[in-house]
Amino acid sequence: MIVIRRYRDFVWLFEQLTIQYPAVVIPPLPDKQTNTGSYFYQNTDIDARMRALEKFIHRVSIHVQLQLSPKLQSFLQCDDNGFNIAKNFAKQEIKSESSGTTTLQWIETVVNAQTHRVRTI
């Protein structure tokens, strides 16, 4: 399966990993904005940012602790619908941390969203 992610999705992942693993240094994200103005340089800058985002994902996915993150798994494996559900659940999780929401509940919600979708042909 191929998933397409926007820059803001990478920012979401970075923020979630920072919250989930406060003692781990999360690899930095590249800047979104570029300072060059011509079309040629903008395409070059976009390609460079894409490579930097790939490097970010690679570094996160080989990290001993970060590779186990359910949010990383959602980022890499869920289609758009499942990923949006995961992001919405993460918002609720932050709001309800004091109520005892667990990572297992988070995983179950995302898995259920992925397995109970109606498939159309």
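**Aromatic cluster and helical packing**

Phe 10, Trp 12, Phe 56, Phe 75 and Phe 83 together form one aromatic cluster. The model examined here is predicted. Across the whole structure, 4 aromatic pairs are found. One of them joins Phe 10 and Phe 75 in an edge-to-face arrangement, with 5.0 Å from centre to centre and 70 degrees between the planes. This pair links distant parts of the chain, since Phe 10 lies in helix 1 and Phe 75 in helix 3, 65 residues apart. Phe 10 has a relative accessibility of 9% and therefore counts as buried; Phe 75 is also buried, with a relative accessible area of 3%. The rings of Trp 12 and Phe 83 are likewise paired: their centres are 5.2 Å apart and their planes stand at 85 degrees, so the pair is edge-to-face. Here too distant parts of the chain are linked, with Trp 12 in helix 1 and Phe 83 in helix 4, 71 residues apart. Both Trp 12 and Phe 83 are buried.

The protein contains 5 helices and 0 strands, which gives the pattern α-α-α-α-α along the sequence. Of its 121 residues, 31% count as buried. Among contacts with a separation of 6 or more, 65% are between residues 24 or more positions apart. The protein exposes about 8,500 Å², of which carbon and sulfur atoms supply 56%.

The largest nonpolar core comprises 18 residues, and Leu 13, Leu 17, Phe 56 and Leu 66 have the most contacts inside it. At least two residues of this core are supplied by each of helix 1 (7-20), helix 2 (39-62), helix 3 (70-77) and helix 4. Helix 1 provides the largest share, 5 residues. Apart from its neighbours within four places in sequence, Leu 17 is in contact with Ile 26, Val 60, Leu 66 and Ser 69.

At 1.5 Å a residue, its 16 residues (80-95) should span 22 Å, and the end C-alpha atoms are 23 Å apart, which agrees. The buried residues of helix 4 are Gly 82, Phe 83, Ala 86, Lys 87, Phe 89, Ala 90 and Glu 93. Seen down the axis of helix 4, these buried residues fall within an arc of 165 degrees, so they line one face of the helix. The face turned away from the buried side carries the exposed residues Asp 80, Lys 91 and Lys 95.

Methods. Residues numbered from 1 in each chain as written. Predicted model: local features only at pLDDT ≥ 70, side-chain atom pairs only at ≥ 80, totals over all residues. Heavy atoms only, no water. Helix = DSSP H or I, 4+ residues; strand = E, 2+ residues; numbered from the N terminus. Expected span 1.5 Å × (residues − 1). Buried < 20%, exposed > 50% of the residue type's maximum accessible area, 1.4 Å probe, protein only. Arc of directions from axis to C-beta. Contact = heavy atoms within 4.5 Å. Areas by Shrake-Rupley, 256 points an atom, 1.4 Å probe, with all protein chains shown as cover. Core = buried A, V, L, I, M, F, W, Y, C linked by side-chain atoms within 4.5 Å. Phe/Tyr/Trp six-rings, centres within 6.5 Å; stacked < 30°, edge-to-face > 60°.
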